[in-house]
Amino acid sequence: MPFAFAFDSVALLVLAAVVGLCVGSFLNVVIHRLPKMLERGWREQCAELAGETPAEAPAYNLVVPRSQCPSCGHQIGALENIPVISYLVLRGHCRACHAPISARYPIVELLAAFLAVAAIVRFGFTPAALAACVFLWMLLALTLIDFDTQLLPDNLTLPLLWTGLLANVLGAAPIANLRDAVIGAIAGYLTLWLVYWLFKLIRGKEGMGYGDFKLLAALGAWLGWQMLPLIVLLSSVVGAAIGISLVVFKGRDHQTPLAFGPYLAIAGGIALFFGRSLIAIYLPA
């Protein structure tokens with residue numbers, strides 16, 4: 001029986017990793033296409049406000065058109081779209097034109113798989129583990145979109161907030177309860193909203209975007225208000241470490257603005273797994 005139990009556990013972890021790889025492949029599509037979809041929508045709205053008739057453009061969403069090589073337009077077939085394996089078989093190059101394929105694609109797929117396995121190891125084979133996977137996968141997408149474009153789309157931040165509250169209603173939230181989640185959503189939004197306006201009054205310019213408010217509200221909805229001080233502290237530490245590294249090793253101008261969303265997302269992931277232990281260090285029971 002112990003051997004059978006261990007075998008079943010390993011099999012489920014492998015299944016979680018495979019599902020994570022597939023989700024990671026889809027996240028690559030979301031990360032690449034969602035900002036472009038938003039930009040197209042904004043352009044159409046501007047044209048309408050200007051009284052212009054926007055030219056009819058081909059459909060572009062998360063499903064169509066099929067994925068293709070950005071260099072030569074070669075449509076990627078099913079066998080070329082197997083997570084990680086296809087990248088290794090193709091040796092990181094397009095099959096048609098041999099242009100290099102970004103290593104980010106398999107890295108995102110592996111990260112999604114790792115997060116799924118980590119959630120199950122931490123929370124067991126429970127609804128809370130499934131909820132944690134959804135939470136972590138959405139944070140992964142938001143991190144890379146914000147890093148690339150300095151945008152935190154409402155298309156992701158608002159569903160992340162509502163799914164956090166829903167997980168608490170269903171009793172599937174990993175570490176919070178409904179009362180703490182509602183307070184966390186409100187406090188998360190108001191905290192950065194106040195920081196935004198204080199900074200603007202003092203410096204006369206904006207220090208962050210409204211997407212950051214919504215992301216911290218979503219983290220509060222998932223993790224509860226008790227985690228918010230820890231998340232803000234961790235995000236500041238992570239942001240400082242990454243910012244200094246970019247200046248020292250990449251020669252980036254320290255005046256260049258950095259997206260804050262990735263640091264909030266990383267801090268939220270850390271709080272999910274280790275938040276209670278870290279809080280216990282400075283707030284012992």
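Mentor: Contact, or touching, means that heavy atoms lie within 4.5 Å of each other. By that rule, and with residues up to four places away in sequence not counted, leucine 160 touches Phe135, Met138, Leu139, Leu142, Leu215, Ala218 and Trp222. Before going further, note that this is a predicted model, in which local features need pLDDT of at least 70 and side-chain atom pairs count only at pLDDT 80 or more, while totals for chains, interfaces and linings use all residues. Residues are numbered from 1 along each chain as its sequence is written, and side-chain values use heavy atoms, with hydrogens and water left out.

Leucine 160 is one of four residues with the most contacts inside the largest nonpolar core, the others being Phe135, Leu223 and Ile231. A nonpolar core is a set of buried Ala, Val, Leu, Ile, Met, Phe, Trp, Tyr and Cys residues joined through side-chain atoms within 4.5 Å. Buried means under 20% relative accessible area, exposed over 50%, and partly exposed in between (1.4 Å probe, protein chains only). The largest core has 63 residues. At least two of its residues come from each of H1, H3, H4 (127–149), H5, H6 (178–203), H7, H8 (228–250) and H9 (261–282). H4 supplies the largest share of this core, with 15 residues. These labels stand for helices, which are DSSP runs (H or I, at least four residues) numbered from the N terminus.

Now take threonine 157, which lies in H5, the helix of residues 154–169. Why does threonine 157 count as buried? It counts as buried because its relative accessibility is 0%. Beyond its neighbours within four places in sequence, threonine 157 is in contact with Leu142, Leu152, Gly211, Lys214, Leu215 and Ala218. Leu142, Leu215 and Ala218 were also named among the contacts of leucine 160.

Lysine 214 is buried, with a relative accessible area of 18%. Apart from residues up to four places away in sequence, lysine 214 touches Asp154, Thr157, Leu158, Leu161 and Tyr189.

Tyrosine 263 lies in helix H9. With a relative accessible area of 9%, tyrosine 263 is buried. Neighbours within four places in sequence aside, tyrosine 263 is in contact with Ser235, Val238, Gly239, Ile242 and Leu258.

For contrast, look at the loop between H2 and H3, where arginine 95 is found. Arginine 95 is exposed, with a relative accessible area of 52%. Leaving out neighbours within four places in sequence, the contacts of arginine 95 are His74, Glu80 and Leu90. Arginine 95 and alanine 119 are 24 residues apart along the chain, and 35 Å separates their C-alpha atoms.

The loop between H2 and H3 also holds arginine 91. Although arginine 91 is not a glycine, it has a positive phi of about 55 degrees. Arginine 91 is exposed, at a relative accessible area of 73%. Histidine 98 is found in the loop between H2 and H3 as well. Its phi is near 65 degrees, again a positive value in a residue other than glycine. Histidine 98 is exposed too, with a relative accessible area of 56%.

Another backbone feature is the cis peptide bond that joins valine 64 and proline 65, with omega about -5 degrees. Proline 65 lies in the loop between H1 and H2.

How many disulfides does a search of the whole structure find? The search finds 0, where a disulfide is a pair of cysteine sulfur atoms within 2.5 Å. For cysteine 97, the closest cysteine sulfur is in cysteine 72, and at 3.6 Å it is too far for a bond. Cysteine 97 is partly exposed, with a relative accessible area of 31%.
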